[in-house]
Amino acid sequence: MNCELLATCSALGYLEGDTYHKEADCLESVKDLIRFLRYEDDTRDVRQQLGEGHIIKHDLLPIITQHGHDKALFDACIRLMVNLTQPAMLCFGKVPDDPVFRHHFLQVTSHLQAYKEAFATEKVFGVLSETLYNLLQMEWEQRQEEDNLLIERILLLVRNVLHVPADPLEEKKVDDDASVHDKLLWGIHMSGFDDLVKFLASAQSEQQWSMHVLEIISLMFRDQTPDTLVSAGHARSAEEKQRDTSELEGLRQREQAAKRSRTLQRGTRHSRFGGSFVVKGLKAIGDNEVIYHRNVHNFKNYTHDMGKAVRRVPRRNRQAQDCMNKRRSALNVRLFLREFCVDFLENCYNRLMYIVKESLIREESQEHDETYYLWALSFFMAFNRCNNFRADLVSETMSTRTFHFMERNITNYYEMILTDRKEATSWSRRMHLALKAYQELLMTVNEMDRSQDESIRHSANVIKSNIFYLMEYREIFLTLLRKYDGTKQPQSYLKDLVESTHLFLRMLERFCKGRRNLVVQKKKVKRKKSRGEKNQPVVERTPEALADTWKIVEEQLKGIKFQLSESLTAHIVPFDCTSETPLEEQRTEAMVRMQDALQAQLGPEALALLRAAREVWPEGDVFGSTDVEPEEELELLKQILHAELPRSAPPETQMEEDDEDDADLEEEEELEAVQVSETEFKFLDFIKKFANPGIVHPYLVLLKSYSKNTPHTNHCIARMLHRVAFDLKMDALLYQLSVFHLFNKILRDAAASAYKELVTFAKYVLNRFFSLAATNNKAYVELLFWKNVGAVREMTEGYGKDKAEKMPAWSEEEEQELRTLYEEHQHSEVPDIVETLLPLLSNNTRTRRQVVTQLVRMGLVDSTKELKKPKKGTGIVLWTEDQEEELQMLYEEYKDSDDVLGNILKKLTAKRSRARVVDKLLSMGLVSERRELYKKRSRSSCPKSSGTQMSEEEFLAGLAQDFPDESLNREEDESEESEEEDEEEKKERQNAGSRTSHSFVSEGERRTDVATMVTMLHKKGMSEALGWLQRCLDRAAKGREDDGFSQAAPLVPLTEACEDAMEDKSFHKLLCKLGMRAPANEQETFWRIPEKIIPSQLRCAAASLSQNLDESEREEVLVEEGGPPEDHQEGKSKASDSQRAHALRALLIARKRKQHSNKDEAYQDLEGADSSFERPQEKTTKRSRVLDDEEEEDDGFIVALEIDTNGEADSEEENISAPVKRRRKMVLIDEEEDED
């Protein structure tokens, strides 16, 4: 030991007999030891030296037991012992790979085991219990910070001591004998420390120690199993006796069989002459036959591998080992633990599990603390199930939320096994804990289903209907079986997985038997590629096909009685308020989606879309009235199915040879969308998913250890294989040589009578195979390979049958025709001869692949590579001097235009790709960067004020000449003239044209729908919540503009009125229409503003919430600052003319859409619109909404929407002004105008 450490330890005091005499500077010496530990090196030398000196046993424990009245010394000793007893894994971070550090790791572990033995006395825990009791007696307000630290340190000290692993080589204890851990538990019990633990778990004021308490409890029951604790102190049941008897009988049969085998192997001659024999028909390494030099009775065990060295298996390929060594403790310890479990379940379990779950969800705990929660859930629920089951004792963890929590943890652990390969073993253990907890949840639900209480059975049915409805819970076992890896997951994990799957299938089968039509959720991932994707096959729309489809959909809807689940209706959103697509087009798209759902025979989804669209577009009863009957809805869906709806064709993409890098990048970008629908569940169809070699293989791996498995495990294996082989008639999946070898081992087992179920199944499979082998002469070769479903069908029904049906045969006339056409065009200079031959064939149903295959088969071409489809592209790489001069001239001509690159590509003589032209412009130095060639966005220019005053009719005629309809026609003419341009430029021009023509209309209709909902919410008294939402949207828009990037922002209600509004369904609908995102899972509590919404859209949404403003507020005009003072008057006149122009333009669009017949009345409205900027109108309540778009760089503008909402339904004024009830006036104000 280091001299300084030795001197410090000597200064603590000395032990004389049972009395410890402390020195005067004992407290300072303890603090010095704490300081030494703080500066120890990576080998933990200080810790090792103190452990070799047995400082805890000889100094620290006597000090706290005999001098506990000295509070400062007691606190320092507890602090030092917490440091000394911390696990070796925390000291070194992980189990070291280096041999030197591994030695230090084992040394520290051995010292910890000595510490644990020193703590295993009632006296030590008596002092700790008394101290903890006195601290807990104090009121929460009276405790000092030092008191709370001392409580935490005592709990940590007990946790550390219990965490020390046992040393089986040193203890060598058998079952029912007291180990060091048992002695420690007995000291805890006799000192009353276990009662303090239960108090901490149940007290309202001590919930901050909940995680420490759960760790201590889990370590107390580390070596125990629930069934051994339940049976402690009770006589063995008849079932246990029968199980032990059958196990002993199997062992006796094996022993007798081995004895008979040894007797038969003894020869009649003496043992000194073994003999040498020649094995006929078995070749050795050379051409000679094998010579066998051993006793002939052992020849049945002969293999060519005899005498060879066993090949070493790499560490990464070794089977994962089980680390759970369970043993039966002494009877008195088991009885005390049993009573502890009973008290804990009755008084502490529900409360403690709730607090721990909340801390885990809020991430207030440390990393991996959820493993203690998983263990406690599986252990105590199993104990409750075996010990007079009571559902109320575990009600906290019996919910669908708990199933969801387990499923998420299992998925997360599996992902970490794949990503964190160095710690894959640790993640595998955590995954096993989560699986056991999931298994125990299923077993508890199954136990609730057999209860005598009707309410408990009803609760079990509710839970089962939820977990069977969702696809994530149904297919979790399929995924786990398919992803099983024996190198990372031990056999105990596979055993629990097989038993859990068996229980789940049994519960699901029983649940389906009592119901005719079970509807479940189905999710389908749709992947879309931006380029290179083939066109989808056209759905057949013949009258016969539509009639058959409608018959199936009608049966579906009548089967569910037109009732839709909440999960389906929550995901259906027919309208996107953030989209630039006009309202009319979105309504048409909603009809197309309904038609697609009907053609796909998804009746519930189509009905949900219809009802959602009716709420979005109530006007005109296009989707039915609000009080529509189910029969009318059925008729509406039928009309939509048979209607010829306009569908937008996807733009064709051209893949050019020069754009290979860009094309590959875009092909990798896949947009995934999860399509949720409902379908009728059939149990047999679900079982078919298990008929897969990847799922059957784990069962066969577990079957190899059939002699070590429990009878229940063997039954689970046999039942699953029976479902596949007998129920699905897929026994050919088991036609594999290794499986037959295993069956042979089972049939020849001496204790085969103990495995009657396995023996019967093996005989059934073998009989089926030999029957098939009589008709299929390739069956024995098939034994060498694992087979999928397709191979099984070929093996049983015939080879090549499916391919022959799919591939249409070529007649002699067709072959001759193909030969003649090929010879005619063989020497022609066509780029693709196959494309030339296809339209010339008499059979126009032939595809390119069929023609190419037939040409190769007929020997006209040597390989399909010769007929490869040529890639599209110009093939021009080099630039001539004339072409460079032409490019430079075109650039000089169009460099000031809005679309420089587009104009150059149109006028260029030698057609080239965009990428080649851009690269050439850069290399010639005409442009310095690519962004100079980007297409400039055109802005709507405001007409400047002229000296002469234009009359209203002339101004209106001038607007009509430049109406958006004509601009659309001009865009169409331009697109016809420039068909050579690529699709991206066409798309941009069309979007620009549509943006001009539909900007007022779509925004107006969208705001009309939102305004209706806002008015309704105002009537319900939610004005405060609407104002809060508007402020949140404005703040988010300003923050995104200032920061330059976007991220999802939560909508956190701060007042009671806002919280009530966030729970209202009408308010939820408004949030959906504004594009807000609902909480994605239980981890999220608040609605969020998605990051994809830009600031201008946020300000538009905020402006649409402005309602019930005062007359003064309605007439106010907001003006951005920053204009020069001398231009104030000029800005005013410009603003006046621009206001007038945009107001007239908006009114003209509204008139054309509504098709007013009275022109005089329209001009009256026009005059009213002009005067609305100069004087307040004498009408009733008007609402003004102001949209401030700060994204305009040159001209800041504010769009004010004035809506006439006269609420008197019976007034004459409303009847007169009905055609223009919701006029909108777009006001453009120059940014240089003052706030006045």
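## A buried serine to begin with

Ser897 is buried, because its relative accessible area is 18% and the cut-off for buried is under 20%. Keep in mind as you read that this is a predicted model. The mean pLDDT of the protein is 76, and 75% of its residues reach 70 or more.

**Around Ser897**

- To find Ser897, look in the loop that runs between helix H42 (881–894) and helix H43 (900–907).
- A polar atom of the Ser897 side chain lies 2.6 Å from the backbone oxygen of Tyr894.
- The side chain of Ser897 also makes a polar contact, at 3.1 Å, with the side chain of Asn903.
- If you set aside the neighbours within four places in sequence, Ser897 is in contact with Asn903 and Lys936.

**Another serine, Ser923**

- Is Ser923 buried or exposed? Ser923 counts as exposed, because its relative accessibility is 55% and the cut-off for exposed is over 50%.
- Ser923 lies in helix H44, which covers residues 914–923.
- The Ser923 side chain reaches the backbone oxygen of Lys920 at 2.8 Å.

**One side of helix H1**

- Which residues of helix H1 (residues 3–10) are buried? They are Leu5, Thr8 and Cys9.

**Where two helices cross**

- The axes of helix H25 (residues 543–559) and helix H28 (residues 603–616) come within 8 Å and cross at roughly 75°.
- That angle makes H25 roughly perpendicular to H28, because angles of 65 to 115 degrees count as such.
- On the H25 side, the contact is made by Val553, Gln556 and Leu557.
- On the H28 side, Gly603, Pro604 and Leu607 make the contact.

**Where to read with care**

- Over residues 650–671, pLDDT stays under 50, and the model has 37 contacts beyond four places in sequence for this stretch.
- Residues 1154–1236 also have pLDDT that stays under 50, and here the model has 186 contacts beyond four places in sequence.
- Where pLDDT is low, the predicted coordinates should not be read in detail.

Terms used:
Residues are numbered from 1 along each chain as its sequence is written. This is a predicted model: local features need pLDDT of at least 70, side-chain atom pairs count only at pLDDT 80 or more; totals for chains, interfaces and linings use all residues. Side-chain values use heavy atoms; hydrogens and water are left out. Helices (H or I, at least four residues) and strands (E, at least two) are DSSP runs, numbered from the N terminus. Buried means under 20% relative accessible area, exposed over 50%, partly exposed in between (1.4 Å probe, protein chains only). A polar contact is a pair of N or O atoms within 3.5 Å; within protein, one must be able to donate a hydrogen and the other to accept it, and residues adjacent in sequence count only if both atoms are side-chain atoms. Contact means heavy atoms within 4.5 Å. pLDDT is the predictor's confidence in each residue, from 0 to 100. Axes are lines fitted to C-alpha atoms, for helices over the stretch in contact, and angles run from 0 to 180 degrees between N-to-C directions. Angles under 35 degrees count as roughly parallel, over 145 as roughly antiparallel, 65 to 115 as roughly perpendicular and the rest as oblique.
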